[in-house]
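User: Hi! I'm new to this structure and would like to learn how to read it. Could you walk me through a few features?

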Amino acid sequence: MEQCASVEREVDKVLQKFLTYGQHCEQSLEELLHYVGQLRAELASAALQGTPLSATLSLVMSQCCRKIKDTVQKLASDHKDIHSSVSRVGKAIDRNFDSEICGVVSDTVWDSREKQQQILQMAILEHLYQQGMLSVAEELCQESTLNVDLDFKQPFLELNRILEALHEQDLGPALEWAVSHRQRLLELNSSLEFKLHRLHFIRLLAGGPEKQLEALSYARHFQPFARLHQREIQVMMGSLVYLRLGLEKSPYCHLLDNSHWAEICETFTRDACSLLGLSVESPLSVSFASGCVALPVLMNIKAVIEQRQCTGVWSHKDELPIEIELGMKCWYHSVFACPILRQQTSDSNPPIKLICGHVISRDALNKLINGGKLKCPYCPMEQNPADGKRIIF
Amino acid sequence: MAVQESAAQLSMTLKVQEYPTLKVPYETLNKRFRAAQKNIDRETSHVTMVVAELEKTLSSCPAVDSVVSLLDGVVEKLSVLKRKAVESIQAEGESARLCKRRIEHLKEHSSDQPAAASVWKRKRMDRMMVEHLLRCGYYNTAVKLARQSGIETREKALQSGRRKPAGRGPPGHGHAGIPAGHAHLPLQGPAGPGPVADADPAVPVRQLPAAPAGEQLRVHPHPAGRPLGHKDTCYKEDGSSRSPDCPVCSRSLNKLAQPLPMAHCANSRLVCKISGDVMNENNPPMMLPNGYVYGYNSLLSIRQDDKVVCPRTKEVFHFSQAEKVYIM
């Protein structure tokens, strides 16, 4: 924030200077032109053609010349003075923003650049489909001559079609979809179908007392959900009482809230994505966002490493030197770090549960074996090393 | 958004990412300033020349009509100066205003409304993608994307900087014309040997080097790919532990992230395979007799008649057979 502010200050100063200079320049040149014009008119009108110039006029003329020269030269030098303000903008940018980030990235990591580009292109394509930017995706396919088969695109196309309809408050396609996937939605414990019916019912209610019969007959759609959503159905039935008075003034006015529409879009996206085995946010955007978080941290630590001259610490190969906090929503897989050796466990060094219930890595277990017996480091319970059981998270 | 970015983190990222965003319009401003200075100097010298001529004739007792005609010349030169000066200053002002607009856009990242901040983040991603697409030479795609995400201001300017076909190597796209037009597109200038429409030879050198650093889209999956993934789980042969949400498990990024370094984790974080919830004191990890661990709450939810079926091996166990596991 501070960086933007300081650059902005310099830019504002430059803008101000341009403005004043522009006005000043125009004004003084205008005046000059006027003055010279007057002189010329005077000379021409005096009908002194062919006669030599009088002394006074000659004096006036030379004064005029001097004035022109002075004004014009001052204009040029004034403009030159603005240069320092302009270069200050550049310096502010250089000071506040980092120009080089390639120190953090090692290019040699990828062996083939074209292949890497291709894979990246695929990832971008996926992202575009997921965002619903179908025309852009088509264009990219054409320009990059990447071939994408239809069944890759198909689920995205359908998803976006339904979402667009939902945005325009058209529940039809969504209901169709929900009914056709009813079984799987139930497995997911999703109440999407019920919510869609509910929204339709509420919309009918908002139509006023004329819609009462229609609303009532629509209510029979709630029947299969009676067990799971009893309370909500009761609330909606209760609201029928206030139909004539108008729902906005009744205790049921919250039903007319617009946020329901946003919520249904979200619910639909979430459920559809889990059904399709997709994540709600495209992998590219999550990667990109994590990169945005990681980049400054890594650059800072690189600067510290260089300052302290201990370059051996980070060898670009195995592990990043520092932990990067991305928030709990990014914990996709379990990570177990052995509390003794402070290392992540792996297939070759799995976590082992001891009899007492404490978990350590196999390497740590082997290190703790003393004369064929093992003492748990946390509770001093003695046990047989062979009794440790490998666990999988 | 899955990744949480606090305002402070966003500021730090801004510092690292947005150098090109501001530097390019600044370079244009600089260029225009110099052009303006040259114009003013040239016209000023013309005026001075004509005035000197007038002064010379004055000193030798001239006739009135010769003075009048010389004065006409002076008037003409002064008008030219005025016109050119006004034009140049306008161009300079425009560049400066472009700088200001970009800064204002960047400032929006720290606005108070959370909706505005997420819109800004989305635009940032789109900006980077457009830049990447331009560097790859996918010109039309970039234009379409820019238009759709609302980050393009004048398509005229884009068309003026027609890019060269992608066959030419990665640096050196003829983007010279483009940086001028956009409020939000942080475009890089041409790198070195690229054919540049610019007359001024100094400018391409001073434009930003098309450092791979600029290819931020490529750079980002690099440090990111690994904070998210772990060698074993995302790369298991049978794909058994794939998680649909994990980006590194997704098809394309999986291959991309393979050679990258892993994330550094000093503390355990356990995630239940059934629910995706964290396993901690509130949801203690429980081990079934086959060695697989799940969260207590998830086991409760899949319990049927006091029995649980391990989702991964399909073995059936008694609920009471689950043992609590202690993670330090």
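Analyst: Let's start with a term: a contact means heavy atoms within 4.5 Å. In chain B, among contacts between residues at least 6 apart in sequence, 51% join residues at least 24 apart. This is a predicted model, where local features need pLDDT of at least 70, side-chain atom pairs count only at pLDDT 80 or more, and totals for chains, interfaces and linings use all residues. Residues are numbered from 1 along each chain as its sequence is written, chains are lettered from A in the order in which they are written, and side-chain values use heavy atoms, with hydrogens and water left out.

User: How many helices and strands does chain B have?

Analyst: Helices (H or I, at least four residues) and strands (E, at least two) are DSSP runs, numbered from the N terminus. Chain B has twelve helices and five strands.

User: And how do I read the way two helices pack?

Analyst: Two packed helices are described by the angle between their axes and the distance between the axes. Take H8 (residues 192-206) and H11 (residues 259-276) of chain A: their axes come within 10 Å and cross at roughly 160°. Axes are lines fitted to C-alpha atoms, for helices over the stretch in contact, and angles run from 0 to 180 degrees between N-to-C directions. H8(A) and H11(A) are therefore roughly antiparallel, the word for angles over 145 degrees.

User: Which residues of H8(A) and H11(A) meet?

Analyst: From H8(A), they include Leu192(A), Leu196(A) and Arg203(A), and from H11(A), Trp261(A), Ile264(A) and Asp271(A) are among them.

User: What about backbone angles?

Analyst: Most residues other than glycine have a negative phi. Here, Asp305(B) has a positive phi near 55°, and Asp306(B) a positive one near 65°. Asp305(B) sits in the loop between helix H12 (296-302) and strand E3 (307-309) of chain B, and Asp306(B) is found in the loop between H12 and E3 as well.

User: How accessible is Asp305(B), and how accessible is Asp306(B)?

Analyst: Asp305(B) is exposed at 75%, while Asp306(B), at 39%, counts as partly exposed.

Note on methods. Parallel < 35°, antiparallel > 145°, perpendicular 65-115°, else oblique. Buried < 20%, exposed > 50% of the residue type's maximum accessible area, 1.4 Å probe, protein only.
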